[in-house]
Amino acid sequence: MRLLRTLLPYLLLAVVLAVFPLVAPVSVVNVGVYVLIFTIAAVGLSLLMGLAGQVSLGHAAFFAVGAYTQAILVTRYDWNLFLALPVAILLAMLLALVVGLPMLRLRGHFLALATLGLGIIVTIVVRELEFTGGTSGIYGIPKPDFGGRVYNTPAEYFWLLTPVVLLAIALGNKLKNSRIGRALGAVNDSEVAAECLGVDTFRLRVKVFVLAAGFAGLAGAFYAHWLAVVSPEASNFPLSVSFLLMVVLGGLGTIWGAFTGAVLVEALDEGMRALIPQIIPGASGEVQLLGFGLVLVLVVILVPGGLAQLWNGLVRRVRGEREDPGADESETPAALGAELDDLLAQASPPPAGSAVLSVQGLTKRYGGVTALKALDLEVRAGEIVALIGPNGAGKTTAFNIITGVMPPTEGSVHISGQDVTGKRPNAVAALGATRTFQNLQTFTSTTVRGNVMVARHLRTKAGLLAGMLGLDTGEERRTAREVDGVLTATGLQQHADRPITALSFGQQRQVEVARALALAPTLLLLDEPMAGLSGAERDHLSLMLRRVREAGLSVLLVEHDVAAVMALADRIYVLDDGVLIAEGDPASIRANPAVIAAYLGTGEDDDQLVRSAAVQVEHSDGGDQ
Ligand code: ATP
């Protein structure tokens, strides 16, 4: 049943595409051929832009490399179509790899500008080189001819392209819902959180950039055969804009949108060519670009989710569904069961008492501000250690350096004996240390379950190809089961399928904790995990952290709730103005005059706070198990 539901849209599209050339006039089928060719390229761009959030203004450059390679191999070297095709795809991918390695270190607008530059460079190169036919390009590319058929009419070529387009959409969809697709989406939502869960964002970006170029190269090769001529126009800016418009109009993040976007853009293209000269007499050249620009601006302002947003809204309205399915209140948050133990057993902590985290002489200066001065800190296996201090004391800075989010000015960080000073967060996560964030860093484009799934990245293997070809079903099923276990253990099961943005601030914080736990870390760094939680939720979290400690794992906790810290921590470090002013067990910290003066205070209210912390400690000593 599920398989049928997955296959149904493909079957429907296959039927529509098969019938279309029989009922439409030849001139329309001819436009349809371009729609199918451009859809293939747009699927690649959709993966790059919609999933990985990388804007490319030079997608046509790879399209042109595919087209030129195919044209040259077929016309000059008499290569067979099918022999030339993989070379065309591979050369487009090779160019993407070579330019992607330096370019993908750029972000946002800079990357868009760099890809724009790439498009211009490729246009100039193919125009100036004699080998590529100069301004007139390469002529005489034959129509494909195999299996006793010549694909020389729009209808024949349309039918030839149909399975290729269906396959491209299927591969894109498969990838989107795979381990790599989830990681890409996560990088797009919060790069820092994805990296702290072990995602190597740079490698992933390069991979998807290269893959997107492969789709463009394939489309370019088919374009060359259909047009019979390839000229520098194949790499120029207007074509890159058309690809961009297809993806945005269809809906960023949806692969089906590549097809609907291509249909719309080609229809617009035809319409604008006829309409604009009537509105602006004498307008000539690429007049349709005026209309494209206008449509792009309107879509971004009015329906940023493109056609997919309109379609999803319509489907929901017809079915009478709400955007947030709400929590299934019949499910009560489970007590900490075997699921948590199973999860924690996956971590491989060092022997009890040995150092999991060792920080030495850590200093961080931001210009004139010294946020952290020569901090020494150690967390041993099976310990909960707290880092406390007034606002601006340097706690988050310490977290950021330990987890590789920023490098220190001086000092070193070792995790399980390995030097990770200045390493990227994904390298730190690979050693078993992950974190939550003071300012929420959830993956907002997905559900609660989707957030936690990303945390299994390091515990799973399926790569880009395996995901795209659907060779990951066993692993995916196992991951889904394990994530269900994590959600049950953390009391979030009833929210599993809700969009994360529909949850309260406190609930989102709990998802961050669940997500960090799902990695089965040896060291869990929690930045103010109690903020926004109700009393019951705080108790649940405390219980969970004790269970983590019992499993021999370690926790480093930044928390303003002094009572909770006193009740939970084995040892406490106190920072004030970037300087470590005390370290010891809760009792000694509570009695430390320097700590009382700097943080706990000596006022009546604060005395009460300290007393309440003491009461909590006594209470927890007895009721802990
Ligand atoms: P809080 O409890 O309010 O979160 P904190 O103990 O986590 O505070 P940090 O956020 O580490 O403190 O900040 C320590 C000091 O460093 C503060 O004086 C802060 O203003 C400064 N600081 C932090 N980040 C930066 C930055 N990116 N640039 C300049 N100064 C910074």
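**Figure 1. Where the charges sit in the protein.** Lys and Arg count as positive here, and Asp and Glu count as negative. By that count, this predicted model has 45 positive and 54 negative charges.

**Figure 2. The whole chain before we zoom in.** Along the principal axes, the C-alpha atoms fill a box of roughly 90 × 55 × 50 Å. Of its 625 residues, 53% count as buried. The protein exposes about 26600 Å², and 60% of that area is supplied by carbon and sulfur atoms. Among the contacts with a separation of 6 or more, 75% come from residues 24 or more positions apart.

**Figure 3. An open sheet built from six strands.** Follow the strands across the sheet and you will read β8-β9-β10-β5-β11-β12, with mixed pairing. At the edges are β8 (433–435) and β12 (579–584), and each of them pairs on one side only. From one strand to the next, the twist averages 15 degrees.

**Figure 4. A closer look at β9 and β10.** Strand β9 covers residues 523–527, strand β10 covers residues 554–558, and the two run parallel. Five bridges join them. To find your bearings in this pair, look for L524, which stands opposite V555 in β10.

**Figure 5. A helix lying across two strands.** Here you can see helix α20, made of residues 505–518, lying across β8 and β9. Compare its direction with that of β9: the helix runs at about 165 degrees to this strand.

Definitions and conventions: Residues numbered from 1 in each chain as written. Predicted model: local features only at pLDDT ≥ 70, side-chain atom pairs only at ≥ 80, totals over all residues. Heavy atoms only, no water. Buried < 20%, exposed > 50% of the residue type's maximum accessible area, 1.4 Å probe, protein only. Contact = heavy atoms within 4.5 Å. Areas by Shrake-Rupley, 256 points an atom, 1.4 Å probe, with all protein chains shown as cover. Charge placed at Lys NZ, Arg CZ, Asp CG, Glu CD. Pairing = 2+ DSSP bridges. Helix = DSSP H or I, 4+ residues; strand = E, 2+ residues; numbered from the N terminus. Axes fitted to C-alpha atoms, helices over the stretch in contact; angles between N-to-C directions.
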